[in-house]
Amino acid sequence: MPPFRVALLGYGLAGSAFHAPFIATTPELALAAVTTRDPERREQALSSYPGVLVLDDAEAVWESAGDFDLVVVATPNRFHVPHALGSLEAGLPVVVDKPLAPTAEEGRALVEAARDRGL
């Protein structure tokens with residue numbers, strides 16, 4: 001079975017130091033794309049993970065949803081809910097860095113959105 005193609009949203013501290021290394025060293029996963037607009041982080045991602053696709057934003061991932069099997073959200077906390085929801089709406093399963101959501105209500109809404117889509 002080929003590895004799951006992972007799109008990592010965000011390449012700041014959480015994305016670059018925690019999520020990307022974990023994804024890259026897990027045989028069942030392949031780091032297929034990362035998102036960042038920061039030129040230094042783009043270069044860091046390309047240097048650390050040759051062949052990784054570096055995209056500007058989450059929308060670019062969603063537009064190419066068929067190229068990925070999973071999204072990991074490691075963007076700033078204020079974007080966790082919209083990025084997770086957008087990924088679910090694009091038909092992609094999601095892993096969200098903590099905190100999942102700023103409120104329990106928003107967290108439950110994400111769980112419901114995933115459940116409704118079978119993701």
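Reader: What does R5 form a salt bridge with?
Author: D69. In this predicted model, the closest N and O atoms of R5 and D69 are 2.9 Å apart.

Reader: Where do those two sit?
Author: R5 is in strand β1, residues 4-9. D69 is in the loop between α3 (58-63) and β4 (70-73). The pair links distant parts of the chain, 64 residues apart.

Reader: Is R5 buried, exposed or partly exposed, and what about D69?
Author: R5 is partly exposed, at 32% relative accessible area. D69 also counts as partly exposed, at 26%.

Reader: OK, whole structure now. How many salt bridges?
Author: The search finds 3.

Reader: Which residue does D57 pair with?
Author: R37, with the closest N and O atoms 2.7 Å apart.

Reader: What about R42? Which partner?
Author: R42 forms a salt bridge with D56. Their closest N and O atoms are 3.0 Å apart. R42 lies in helix α2 and D56 in the loop between β3 and α3, so this pair ties together parts 14 residues apart in sequence.

Reader: What's the relative accessibility of R42, and of D56?
Author: R42 is at 24%, which counts as partly exposed. D56 is partly exposed too, with 43%.

Definitions and conventions. Residues are numbered from 1 along each chain as its sequence is written. This is a predicted model: local features need pLDDT of at least 70, side-chain atom pairs count only at pLDDT 80 or more; totals for chains, interfaces and linings use all residues. Side-chain values use heavy atoms; hydrogens and water are left out. A salt bridge is a side-chain nitrogen of Lys or Arg within 4 Å of a carboxyl oxygen of Asp or Glu. Helices (H or I, at least four residues) and strands (E, at least two) are DSSP runs, numbered from the N terminus. Buried means under 20% relative accessible area, exposed over 50%, partly exposed in between (1.4 Å probe, protein chains only).
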